[in-house]
Amino acid sequence: IRSLGSREKFDQEFGNIFIQSGESAINEDFFDRLKAGCEEPKFIFDEGHYQLWEEPKNDRIYVAGVDISEGIGEAASAIQILDITSLQNIDQVAIYHNRFISPYNFTTKLHEILQHWGKPPALIERNNCGAQVVDQLKHTIGYENIVSYGVKAGDKVFNKPGVVAHTNTKYKGVTNMRYWLNELNAIRIRDIKTLNELRNFVRYPNGTWAAKPGSDNW
């Protein structure tokens, strides 16, 4: 990988994995099938920011994925709640999406929603303002169920809570997401806006993944 310059080139040369420039995170032939599973939420709270397709159940296993923004009306702070009780039938059961909530207030909202779903494992991006949310959630509020990826510096590994998004973690995340969505067809997306957002998440010629310009669905 070091000689070739990237994990992506390694996968092409040795793993027979080829991802074309402009390709969407969702294979186009799966989009209509996934769209058929979308429906209106059963419950809407917080002026439409918090939407649920199911109520929390004690016998189910949930996980949360969390992305954090500055709250200035551009990118949104978002929470995705998935039911992973059956890995053959993963279900999107709730979302939170808000462009204008500050990181400080989002910490409280995030904790409230995590409590609502039984304190599930939460994968939280700690880049930029995300670090203050992760640290407040863990050290001030005392939420322990935060997924962490160790950061290596020399021979030492620092297990800071949360995950730092960089080229390698994004590559692995997108690859895994595409596998569960496109290959296993194991995830049910309930929210049409989430589905469209995934459809407009594409690979650029330099190998990075990002949303198409002007593809805001919210």
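Predicted model: local features only at pLDDT ≥ 70, side-chain atom pairs only at ≥ 80, totals over all residues.
**View 1. Strand 5 and its antiparallel partners.** Look for aspartate 83, which sits opposite aspartate 91 of strand 5. Strand 2 (residues 50–52) also pairs with strand 5 in the antiparallel sense, over 3 bridges. Here tyrosine 50 faces tyrosine 96 of strand 5 as its opposite number.

**View 2. A parallel partner for strand 5.** Strand 10 (residues 187–188) runs parallel to strand 5, joined to it by 2 bridges. Aspartate 91 turns up again here, with arginine 188 of strand 10 as its bridge partner.

**View 3. Two of the aromatic pairs.** The structure has 4 aromatic pairs. In one of them, the rings of tyrosine 62 and tryptophan 117 have centres 4.8 Å apart and planes at 70°, so this pair is edge-to-face. Tyrosine 62 belongs to strand 3 and tryptophan 117 to the loop between helix 3 and strand 6, so the pair ties together parts 55 residues apart in sequence. Tyrosine 62 counts as buried at 6% relative accessibility, and tryptophan 117 does too at 3%. Another pair is tyrosine 96 and phenylalanine 106: with ring centres 6.1 Å apart and planes at 35°, it counts as tilted. Tyrosine 96 is in strand 5 and phenylalanine 106 in helix 3, 10 residues apart; both are buried.

**View 4. An arginine over a ring.** Arginine 199 lies over the face of phenylalanine 31, 3.8 Å from the ring centre.

Notes
Residues numbered from 1 in each chain as written. Heavy atoms only, no water. Pairing = 2+ DSSP bridges. Helix = DSSP H or I, 4+ residues; strand = E, 2+ residues; numbered from the N terminus. Phe/Tyr/Trp six-rings, centres within 6.5 Å; stacked < 30°, edge-to-face > 60°. Buried < 20%, exposed > 50% of the residue type's maximum accessible area, 1.4 Å probe, protein only. Lys NZ or Arg CZ within 6 Å of the ring centre and 35° of its normal.
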